Amino acid sequence: MAAFALSACSTDTPQSVLQPQGEFARKADALWDITFAIAIAVFVVVQGLLLYAIFRYRHKPGREAAQFHGNTRLEIAMTIIPALILLGLAVPTVATVFDLAAEPTGADVIHISVEGRQFWWRYDYTDLDIVTANELHIPTGQPIDLSIEGYDVNHSFWVPRLGGTQDVVPGRTSRLTLEADDPGTYLGQCKEFCGLSHSNMNLRVIAHDPGDFEQWVSDQQEPAAAPSDSLAAEGAELFVNGAADAQFAGGPSCASCHAIEGLDGAVGIIGPNLTHFAARNTFAGAIFQNNESNLRAWLANPPERKPGSQMPNLQLTTGQIDALVAYLQTLE
Ligand code: HEC
Ligand SMILES: [Cu+2]
């Protein structure tokens, strides 16, 4: 009990809904504050009366337990008081529900279509012509309009400090508004059990000052850089055509699952768009830091690194991994 209670004193809580960092998360938090205050008051009154009754009417020699039934006034009061409390709570709740559900309007609203997949997030900036994965870049101080779709099974999108949760259901488009006050990285994750790597389906929102966001957008809109040296060029070639030897030749090439803008033939849509892969801090559901050793381990055997991953083990040789990593690292 003590360990549980003391955990509330922790300050390092990047996914706490109680420390909102944006307009929409704050509105939900305000509702919680009211509900929590009322719940505490009810708890104290009810437990107080209970303790009083236990003590005041405890057993004593010669004292008989009274049997009684049907105190109409008490029963009416016990029905009306909770009904009034719930009615009172319904007013701010319903107002907030409608407020949060309203689609933000205005010329500067950024629309992003989010897709939950086993076990990563795909983001399509529909007006900006950018497709990326797992790390959602947004400008600070303005509402971001997310329309959210499911691709395979149910997921749930949640960045606790920036907004509410939204269930992701295949065949249905839902929406959610997020906003961040300050630049920074905000953690989130899938909140609906969705299979073996549910716990590995993280995401992060990276909020920038509006000027820095503009810069990010124009960088992302560039096609991928051409390979800078012969090893990277070999990697690009492997990426599109596979290799003439080993299992990799018979299986699908990287390009049949991944798109890279500017690389001929790389138009796949099964896996994340890799046009600016090297600009991401993390990969594979934001669970691995994007560095050379993690990338090598990933390419060597994705389902071993991330159970249930839809990227198969392509039986790459060390030489092929060298070339592919060299190429992926040029994709700034
Ligand atoms: C059958 C489809 C398929 C093939 C073939 C494939 N991938 Fe993937 N790849 C995926 C999927 C799906 C993911 C997302 C995995 C996850 O996060 O669970 C992924 C993830 C990745 C990532 C991490 C991207 C990110 O931002 O999270 C990299 C890098 C990558 N693949 C590179 C490659 C390379 C290089 C090849 C060729 C050797 C390749 N892939 C072949 C489907 C594929
Ligand atoms: Cu999920």
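At least three residues from each of domain 2 (110-221) and domain 3 (230-328) line the second largest cavity; the domain bounds come from an automatic or database domain assignment. The model is predicted: local features need pLDDT of at least 70, side-chain atom pairs count only at pLDDT 80 or more, and totals for chains, interfaces and linings use all residues. Residues are numbered from 1 along each chain as its sequence is written, chains are lettered from A and ligands numbered from 1 in the order in which they are written, and side-chain values use heavy atoms, without hydrogens and water.

**View 1. The second largest cavity holds about 40 Å³ of space.** A cavity is a set of points, on a 1 Å grid over the protein atoms alone, where a 1.4 Å probe fits but cannot get out; lining residues have an atom within 4 Å of a point. Grid points are joined across faces, edges and corners, and a volume is the space filled by probe spheres set on the points. The lining consists of T132, E135, H137, W216, Q220, H276, A279 and R280. Helices (H or I, at least four residues) and strands (E, at least two) are DSSP runs, numbered from the N terminus. By class, two lining residues are nonpolar, four polar and two charged. Ala, Val, Leu, Ile, Met, Phe, Trp, Tyr, Cys and Pro count as nonpolar, Asp, Glu, Lys and Arg as charged, and the others, Gly among them, as polar.

**View 2. The largest cavity holds about 490 Å³.** Its lining has 31 residues, with H258, G271, P272, W298 and M311 nearest the centre. Two or more residues come from each of α7 (292-300) and α9 (318-328). Helix α7 gives the most, with three. The lining divides into 21 nonpolar, eight polar and two charged residues. Domain 2 and domain 3 each give at least three residues.

View 3. H258 sits in the loop between α6 (246-250) and β11 (282-283), and M311 in the loop between α8 (302-305) and α9, so the pair ties together parts 53 residues apart in sequence. H258 is buried, at 10% relative accessible area; buried means under 20%, exposed over 50% and partly exposed in between (1.4 Å probe, protein chains only).

**View 4. The largest pocket has a volume of about 560 Å³.** A pocket is an open set with protein on both sides within 12 Å along at least five of seven lines. Among its 15 lining residues, V45, V46, L49, L74 and M78 are closest to the centre. All 15 are nonpolar. Helix α3 (72-101) gives the largest share, seven residues.

**View 5. The second largest pocket holds about 370 Å³.** Its lining draws at least three residues from each of domain 1 (16-101) and domain 2. A28, L100, G163, G164 and T165 lie nearest the centre. The largest share, five residues, comes from α2.
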